[in-house]
Amino acid sequence: MTQSIRIGSGLGFYGDNWEPVVASIERGQVQYIASDHLAELTLAILQKDRQRDPALGYARDVVPMLVRLWPLMQPRGVKFVCNAGGLNPMGAAQAVQTALAAKGWHPRIAVVSGDDVLTQLQTPDTRFDHLMNGAQVTSVRERLVFGNAYLGAQPIVDALDQGADIVITGRVADAALFLGPLVHGLGWKLADAATPEDFNRLAQGLTVGHLLECSGQGSGGNFGSQGHWQQIPDLAHIGYPIAEVLADGTAFITKAPGTGGLVSFDTVRQQLLYEVHNPHAYFSPDVVLDMGQIELHDEGEHRVRVTGALGRAPTDQLKVVAGFRDGFKAEVSWGFSWPDAWDKVQAAEAMIRTQLQERHMPFDELFVEYPGLNSAHGPLAPLPPAAELNERAEIWVRMVLRTPIKAAADGFGRLFPWLALSGPAFTCGFQGLNSTSELLGIWPTLIPRHWVPAQMQILEPSA
C-alpha cells in the first residue's frame, strides 16, 4: 500500500488561473491535481451556454488548461480530476480528447455522470422542498431547466482504478474531487467503510479536499486578517496549496517551492471555516465531518500538519442544486459630479421611478445601490449625511430592475438617455442601457441517494 500521496489544488472556479498548477506539477512532486470549476452558481452560467448551443454546458476553460498541462503531467505520471463537465461531462471529455489528439496526445479519459436529476424533480407528486425556506417545488416545477445532485468520490475512485489519466465529472461535491484520489492511492475503504477508523480517515480526506478546493485561497489568497494581509508575499506568483497525506489520514498542507503566497496556521484555519455552516456536521456524500477536534500545527516553511478530523456514516440523501427560469433583469449605472452630486442622484432616481409608474412597467423589485458607498456592505455601511455627500467629487448609482416581463426589462434602459441633456447637470455617463438578461433562480433541495445512480465511462481511444 502506498504510504503517502501528494495532491495539488487546481482551479477554484470557472475562469481561475492555471499557471500556479504548472508550478505544482513541475516543482511540487504531486501525483494528482484536483480542479474545482463549479462555484454554486456556475451551473446557471453553463445552462445559458447550453441554451445557445446544446453541445456546450461545460466549463470551456478545461480545454486550453489541459492543452497546457498535459505535456507536463504525462512524463511525471500526474493524474487530473475535475468537475469541468458541468451539465455536459461527455461533451467536455470529447472536446478535451479532440484538442489533445490534435497535438498527438492520447491520455485515457474517464467521464463521470449520473448527477442529472431533472427528470426526478419534474415527476408529479414528489416533494423536493427548498432547503432554506421549506417552499414546495410545485411553485417552480414547470420552470425548472436543470437539476444536479452532488455525487461522491466512488465513481472517481472507479475511474482511477481503471487507469484513467484524466477524470471529468459533472456536479460532484467539491471535496470529493480530492477524496477520490486519496481513497484510490492509499487504499482506504469508501463504499465498504464501517469502522470509526474508516470514517475518520475519510473525514481527514474530506478536510484535505475542503482546504484545497479554493485554489489560492488555501495558500494566502483572499486572506482577510486586518493588518496582516499585507504580509502575504508575492501574490502575483502565488503557489496553490498541496497536501501530502499519509495512509492514516495525517495531512501536511504546503505549496511548491519558489512560489508566492503563504501556508500558515492562520491561512489554513481561515480556509477550514470557509463556507461551513456547522463545523460539527459538515455533510458530504461520503462522510459527515466533525471539525471540532481538528488540530493545526504550524511547522514553519509553509507546512501545516492537520490531524484530528472525526467522521461518521453519510446520510441516505444527497444535496441537489436546481435552476429555474425566474424572469429578467436590466441594470443601468450612471453618476453625477460635484457640486451637489448626491442631490442630483436622488432627483434623477426619483425621475426614473416616476417614469416606471406612469408607463405602468411591471416589476418585482427595483434594487438601488451606490458604488463606492454601500455596494460591499449594504445596510452595514450607513451613508454619510447628505451635506457631506454633496461635497464628493462624484456619486454613482446602480439601479437593477427585476421583472417577469422581458419587454419591461428591454425598455428599462430607454428611460435614461434623456437625462443627459434634460436632467440635473453634469451627468458622468451611462453604462448598461441595453443590458437585459434572463434570470435563473437556484433551488437547493435533497434527494434520496438511491434515486441517483452514478455512472463512469472510459472514452474509447481517439483515432
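Predicted model: local features only at pLDDT ≥ 70, side-chain atom pairs only at ≥ 80, totals over all residues.
Visitor: At roughly what angle do the axes of helix α6 and helix α7 cross?
Guide: Happy to start there! Two packed helices are described by the angle between their axes and the distance between the axes. Here α6 covers residues 154–161 and α7 covers residues 176–186. Their axes come within 8 Å and cross at roughly 45°.

Visitor: Is α6 oblique or parallel to α7?
Guide: Angles under 35 degrees would count as roughly parallel. The axes of α6 and α7 cross at roughly 45°. That makes α6 oblique to α7.

Visitor: Which residues in α6 meet α7?
Guide: On the α7 side, the residues are A176, L177, G180, P181, V183 and H184. The residues of this contact divide into seven nonpolar, two polar and one charged. From α6, the partners are I156, V157, L160 and D161.

Visitor: What covers the buried residues of α6?
Guide: Let's name those residues: P155, I156, V157, A159 and L160 are buried in α6. Their cover includes the strands β2 (32–35), β3 (79–82), β4 (109–113), β6 (166–169) and β19 (455–458), along with helix α7.

Visitor: How many residues of α8 are buried?
Guide: Good one to finish on! Helix α8 has 17 residues (196–212), and at 1.5 Å a residue they should span 24 Å, which agrees with its end C-alpha atoms being 24 Å apart. The helix is largely enclosed by the rest of the structure, because its buried residues number 13 of the 17.

Definitions and conventions:
Residues numbered from 1 in each chain as written. Heavy atoms only, no water. Axes fitted to C-alpha atoms, helices over the stretch in contact; angles between N-to-C directions. Helix = DSSP H or I, 4+ residues; strand = E, 2+ residues; numbered from the N terminus. Parallel < 35°, antiparallel > 145°, perpendicular 65-115°, else oblique. Contact = heavy atoms within 4.5 Å. Nonpolar A, V, L, I, M, F, W, Y, C, P; charged D, E, K, R; others polar. Expected span 1.5 Å × (residues − 1). Buried < 20%, exposed > 50% of the residue type's maximum accessible area, 1.4 Å probe, protein only.
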